[in-house]
Amino acid sequence: KILKNSIAKTCRPICLCLPDRLQNPKTDKEIEDAIAAGVSKKTRDDTKYCVKIWNEWTSYRQRTCGTVLSAIERLSQSELQYWLQRVVLEVRGKNGTEFPPNSLHHICSGLMRHLRQSGKHF
């Protein structure tokens, strides 16, 4: 049987038959921490690697072409689409060879994951 306590006090019903089933409401910080804990170290490292490739590419573009790009999180959807096409065609591995298609897909996925984690959803 569920008894309702004062909404001002609990914001949710209290279940007397299963008290262990419910917990206190979570704060925004607790929710952020739970989300961060749900992302594996490998995924975090992969995302950092993809952002590092983006940053190296933007630095190279600035040195060679004078193109100054905003941080990836500040780009609009159309700007991001425009520049991602160029990244895919211009970025190379450390030895100068083209990335295979699956690696390019991985880089784009990592960049999109970074954008989602930064609160940018397209």
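Visitor: Which residues of H3 meet which residues of H4?

Guide: In this predicted model, Trp-54, Trp-57 and Arg-61 of H3 meet Trp-83, Leu-84, Arg-86, Val-87 and Glu-90 of H4. Sorted by class, this contact of H3 with H4 has 5 nonpolar and 3 charged residues, with no polar ones.

Visitor: Why are H3 and H4 called roughly perpendicular?

Guide: Let's start with the angle. The axes of the two helices come within 11 Å and cross at roughly 95°. Angles of 65 to 115 degrees count as roughly perpendicular, and therefore H3 and H4 are described that way.

Visitor: What makes Val-51 count as buried?

Guide: Val-51, found in helix H3, has a relative accessibility of 14%. Buried means under 20%, so Val-51 counts as buried.

Visitor: What is Val-51 in contact with, leaving aside its neighbours within four places in sequence?

Guide: Its partners are Leu-111 and His-114. Val-51 and His-114 are 63 residues apart in sequence, yet their C-alpha atoms are 7.5 Å apart in space.

Visitor: And which residues touch the most other members of the largest nonpolar core?

Guide: Those are Trp-54 and Leu-111, in a core of 18 residues. Helices H3 (41–65), H4 (77–90) and H5 (101–117) are the elements giving two or more residues to this core, and H3 supplies the largest share, 5 residues.

Visitor: Which residues does Leu-111 contact, again leaving aside neighbours within four places in sequence?

Guide: Leu-111 is in contact with Cys-50, Val-51, Trp-54, Ile-72 and Leu-84.

Note on methods: Residues are numbered from 1 along each chain as its sequence is written. This is a predicted model: local features need pLDDT of at least 70, side-chain atom pairs count only at pLDDT 80 or more; totals for chains, interfaces and linings use all residues. Side-chain values use heavy atoms; hydrogens and water are left out. A nonpolar core is a set of buried Ala, Val, Leu, Ile, Met, Phe, Trp, Tyr and Cys residues joined through side-chain atoms within 4.5 Å. Buried means under 20% relative accessible area, exposed over 50%, partly exposed in between (1.4 Å probe, protein chains only). Helices (H or I, at least four residues) and strands (E, at least two) are DSSP runs, numbered from the N terminus. Contact means heavy atoms within 4.5 Å. Axes are lines fitted to C-alpha atoms, for helices over the stretch in contact, and angles run from 0 to 180 degrees between N-to-C directions. Angles under 35 degrees count as roughly parallel, over 145 as roughly antiparallel, 65 to 115 as roughly perpendicular and the rest as oblique. Ala, Val, Leu, Ile, Met, Phe, Trp, Tyr, Cys and Pro count as nonpolar, Asp, Glu, Lys and Arg as charged, and the others, Gly among them, as polar.
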